[in-house]
Amino acid sequence: MDDEKQLLTGQLAALLPGVVEGLPSAVTVTDVDGTIVYVNPAFERMTGYRSSEAVGQSARMLESGIHSPDFYQRLTQTVLAGGVFEAETTNRRKDGSLYIEEMSITPVPGPDGSPAYFVNLAKDISERYRSRQRLALFEAATRELAAARDLAAAYVAVLKLVCETTGWVYGEVWEPGPDSLLHCVASWQSPGDSLDGFAAASRELRFARGSGLPGRVWATGVPEWDQDVTALGTRFLRASAAEDAEIKAGFAIPVSTDGEVLAVLAFFAHGQRHDERELSDLVSSLGTGLGWLLLRRRAEHALAAERDRLEITLHSIADGVIATDERGRVVSLNPAAEALTGWGRHDAQGREMAEVFHIINEHTRATVVSPVAQVLATGAPVALANHTILVSRSGDECVIGDSAAPIRDDSGAIAGAVLVFRDETSRLRLESELRRADKLESLGLLAGGIAHDFNNALTGISAHIGLARMELGDDAPAQEVLEEAEQACRRAASLSRQLLTFSKGGMPVRKFVALEPLLRQAASFAATGSPSVCRFAFTHNLAGVEIDEGQIGQLIHNLVLNATQAMPHGGTITVSAANVAIDADSDIPLEPGEYVEVAIHDTGPGISPEHIDRLFDPYFTTKATGSGLGLTVGYSVARNHDGCLTVTSAPGEGATFHLYLPAARDRGPEESPASNGGSVRPLSILFMDDEPSIRRATAQALSLMGHRIDQAGDGAEAVRLYRGRSEAGEPYDVVVLDLTVPGGMGGYDAFTAIRKIDPGVCAIVSSGYSSDPVMATYRQHGFAGVLPKPYTPSDLLEVLAQVFAERAEERGHLPR
């Protein structure tokens, strides 16, 4: 008996393939992943897909997009649990047309009892459900929705399609607005009908839930059919407009999904029409499908709008942004990233990140590992280390700061990375300049204090040396020794002047200067005797500047001298000057305005990267015999002129120093001619200084020259002496005032008090250090002359001669 059963089973197994192949119903076998493993000929006829096209594909290839995700979720849960799922579903053929099938999905268990395959037995029942015309309507509506550029266009397309297919003359769509009332958001009317009045009445109305035809359908979620809306009275608020338009029949359907009414479609026709159940069912089913499609379209439009906002944001931000896929290949980059990397979006897409974003260490020049690679490897955000340089496609370099973070999908898996970076070159340069300025300011305060005490000491020494030389006579053997001592004092004074220039106390004594002659003279003199050649390039109509001619001339001399020393075998030094405008976005640390840029370029070996940031630091030098103060003092000179000094260089390409000076708006007043050192008549002089040794030596020296000297140790004493002489009718011819008196009244306050006693007082200001601008702009403060420390008695006599020569010229006669 068992043998017969086995024989029968074998015979049936042999017949089964032929039976399945001959079935009129479509048979589809899928695995647990939903991949099609077998279809019969009926499937091919029903869907239009050949077996070779379907096998290996996902069964989702047939989905129409009409059914909700919940539908497919219920299907999956049922069959995976071992149950049979039966339903009627709308699918899409290969040619895009829709068909309705009655299906039954049965799980086939594997060896372990769990489902291994699923068999779908399906039959096309489209003809049973609706006529070919109604199915075409549904297909057309779906296509219109899919092709519409926005929801308003989709609504109008569907309204037009339904009306033209069914013979209704007017359609409208109502949606809930922010005020929780229904608004007419779209309408369509037959071109041959005069329905503008009815359409206008519709646009003006707002319906609450349950009010009016649209409001009732919104509240109930159930279609409503009315043979004559004009007979509804208050239940149809547009009855008067409907009568004018000769409208009678009307029906409305909900557009809903998951029980939520998203919108209401309403249609109207001329004359009464009986309840067309088939039409009502069709449009109602259209409304259900429309709900899902509209929901999807809304999501798509919202996503597109969000994508557009993101695109605009990425295009607007100044930082570079690059996104990659999970393999580290570039997916997109914004315009800022294009500008910094030199790669266009389309050229960069699909390339390895390291190719587009090439970074090296600023000091070692070694390639730096891409932060994107680190993010993809670790899954953690990464920030670049300092001193990282981005090398663009064209070879340009900039210092950057950046950070990278992973992009994760809904499951939390890494789907790529996003890199945000910015050009830090200007910021770092500005910070470096500010640090240098702060450092120099702090050191300048120290230098100024040292210079003050040093100058007082040098002035005392110089005064006593000068006094000794006066008393000994020109033929004295000691004159030569004293002259050498005086020369040593002058060399020390030169160092003191450097310290003063380095500090705020070395404020420039400015006057209007035409730069071209000064640059030619200073540069040519510095290059004399060297194998290098100076060339000049000046822009037409070069602006003048108000500068301390001696300080700027010495600065240019030092820069050209450095250039010749950088080229011991000769080269070319190009000195150029041009008018430039500095704006607020410039990386030059200057106030916006008009400037003159002086550039001194050499063709030497250049400055190494590790040295260039320290070039202006005090006492930093690469020369065996250099003091390390030349460029530091030059930097301070430029800064004290409200300008700046910068340098650019690359190894093997020479160096260029850039000096920026504010352009003079107009030519300043001409300076009075200096005295040639001639003598003056014996003068009555009030000499104020806080150093006793300076007072004594200077008083003795001036007395030997026939002048009458009164001494004061501070400003208060000077005021008392001046008042006494003025009241006695014997005012001083000139007053010499030390500007800085520690612990007492200084020269400026004393001068202010003396001017109240005698507005015409002739005064000379003197100082070894001061952050006060009086020394630089002494004339503007009322002083007739200036005497910087250290000075010799001869220097004082020279200033006296110059002052009285100027006063004589002003009065038109010499003093007696």
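Residues are numbered from 1 along each chain as its sequence is written, and side-chain values use heavy atoms, with hydrogens and water left out. Because the model is predicted, local features need pLDDT of at least 70 and side-chain atom pairs count only at pLDDT 80 or more, whereas totals for chains, interfaces and linings use all residues.

Helices and strands are taken as DSSP runs (H or I, at least four residues, for helices; E, at least two, for strands) and are numbered from the N terminus, and two strands are said to pair if DSSP finds at least two bridges between them. Strand β16 (residues 397-408) pairs with strand β14 (residues 382-383) in the antiparallel sense over two bridges, and in this pairing the bridge partner of Ala383 is Ser403 in β16. Strand β16 is also joined by four bridges to strand β15 (residues 388-391), again in an antiparallel run, with Val391 standing opposite Glu397. Nine bridges join β16 to strand β17 (residues 414-423), and these two strands likewise run antiparallel, with Ile400 opposite Asp423.

Glycine residues with positive phi are found in the hairpins of this region. The hairpin of β15 and β16 has five residues between the strands, and Gly395 in this hairpin takes a positive phi near 100°. The hairpin of β16 and β17 also has five residues between the strands, and here Gly412 takes a positive phi near 95°. Elsewhere in the chain, strand β11 (residues 320-325) and strand β12 (residues 330-333) run antiparallel and are joined by three bridges, with Thr324 standing opposite Val330. The hairpin formed by β11 and β12 has four residues between the strands, and Gly328 in the turn has a positive phi of about 85°.

A residue is called buried under 20% relative accessible area, exposed over 50%, and partly exposed in between (1.4 Å probe, protein chains only), and a nonpolar core is a set of buried Ala, Val, Leu, Ile, Met, Phe, Trp, Tyr and Cys residues joined through side-chain atoms within 4.5 Å. The largest nonpolar core has 38 residues, of which Leu515, Ile556 and Val560 touch the most other members. Helix α18 (residues 515-527) gives the most to this core, with seven residues. When neighbours within four places in sequence are left aside, Ile556 is in contact (heavy atoms within 4.5 Å) with Leu519, Ala522, Ala523, Val598, Ile600 and Leu659. Apart from this core lies another, of 26 residues, among them Tyr170, Leu195, Ala252 and Phe268.

A pair of aromatic rings is described by the distance of the centres and the angle of the planes. Rings of Phe, Tyr and Trp (its six-membered ring) pair if their centres lie within 6.5 Å, and planes under 30 degrees apart count as stacked, over 60 as edge-to-face and the rest as tilted. A search of the whole structure finds 15 aromatic pairs. In one of them, the ring centres of Trp168 and Phe251 are 4.9 Å apart and the planes stand at 80°, so the pair is edge-to-face. Trp168 lies in the loop between α7 (151-166) and β6 (170-176), and Phe251 lies in strand β9 (residues 247-257), so the pair ties together parts that are 83 residues apart in sequence. Trp168 counts as buried at 2% relative accessibility, and Phe251 counts as buried at 1%. The rings of Trp174 and Phe207 have their centres 5.0 Å apart and their planes at 65°, so this pair is also edge-to-face. It links distant parts of the chain, with Trp174 in strand β6 and Phe207 in the loop between α8 (196-204) and α9 (212-220), 33 residues apart. Trp168, Trp225, Phe251 and Phe267 form one aromatic cluster.

A charge is taken to sit over a ring if NZ of Lys or CZ of Arg is within 6 Å of the ring centre and within 35 degrees of the ring normal. Arg209 lies over the face of Trp218, at 4.1 Å from the ring centre, and the charged end of Arg393 sits over the ring of Trp343, 3.8 Å from its centre.
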